Amino acid sequence: GSMPCVLNASNEVAVHAFLDGAIGFNDIHVIIRNTIDSHDIIPEPSLDDIIETDGWARKSAKKYLKELDK
């Protein structure tokens, strides 16, 4: 389904933030888990679904990243 896309996109956002020094290593999984938990799986996604899901996951991961700063 669409979950691998969510995992990959949220991981890229979280690791980038870690490498930039914005979060600690142990925060990476928090961002990924929160993004995964808020995703409604699409069992058989089309290419358009994957592209849309990737954008959604990146936006959501960035939202959770900002929440860690609070």
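These entries record what I looked up in a predicted model.

**Entry 1, aromatic rings.** I searched for aromatic pairs and found one in the structure. The partners are Phe-18 and Phe-25, whose ring centres lie 5.8 Å apart with 70° between the planes. I recorded the geometry as edge-to-face, because the angle is over 60 degrees.

I then checked the accessibility of both residues. Phe-18 has a relative accessible area of 30% and is therefore partly exposed. Phe-25 counts as exposed, because its relative accessibility of 58% is over the 50% limit.

I turned to the largest nonpolar core, which has 13 residues. The members that touch the most other members are Ala-14, Ile-23, Ile-28, Ile-31, Ile-32 and Leu-65. I traced the core to helices H1 (3-19), H2 (28-37) and H3 (47-69), each of which supplies at least two residues. H1 gives the largest share, with five residues.

I looked up the contacts of Leu-65 next. Leaving aside residues up to four places away in sequence, Leu-65 touches Ala-17, Ile-23 and Ile-31.

I compared the length of H3 with expectation. Its 23 residues should span 33 Å at 1.5 Å a residue, and the end C-alpha atoms are 34 Å apart, so the two values agree.

Which residues of H3 are buried? I listed Thr-53, Ala-57, Ser-60, Ala-61, Tyr-64 and Leu-65. I noted that residues three or four places apart in an α-helix point the same way, because there are 3.6 residues a turn. What covers the buried residues of H3 includes H1 and H2.

Note on methods. Residues are numbered from 1 along each chain as its sequence is written. This is a predicted model: local features need pLDDT of at least 70, side-chain atom pairs count only at pLDDT 80 or more; totals for chains, interfaces and linings use all residues. Side-chain values use heavy atoms; hydrogens and water are left out. Rings of Phe, Tyr and Trp (its six-membered ring) pair if their centres lie within 6.5 Å; planes under 30 degrees apart count as stacked, over 60 as edge-to-face and the rest as tilted. Buried means under 20% relative accessible area, exposed over 50%, partly exposed in between (1.4 Å probe, protein chains only). A nonpolar core is a set of buried Ala, Val, Leu, Ile, Met, Phe, Trp, Tyr and Cys residues joined through side-chain atoms within 4.5 Å. Helices (H or I, at least four residues) and strands (E, at least two) are DSSP runs, numbered from the N terminus. Contact means heavy atoms within 4.5 Å. The expected span of a helix is 1.5 Å times one less than its number of residues.
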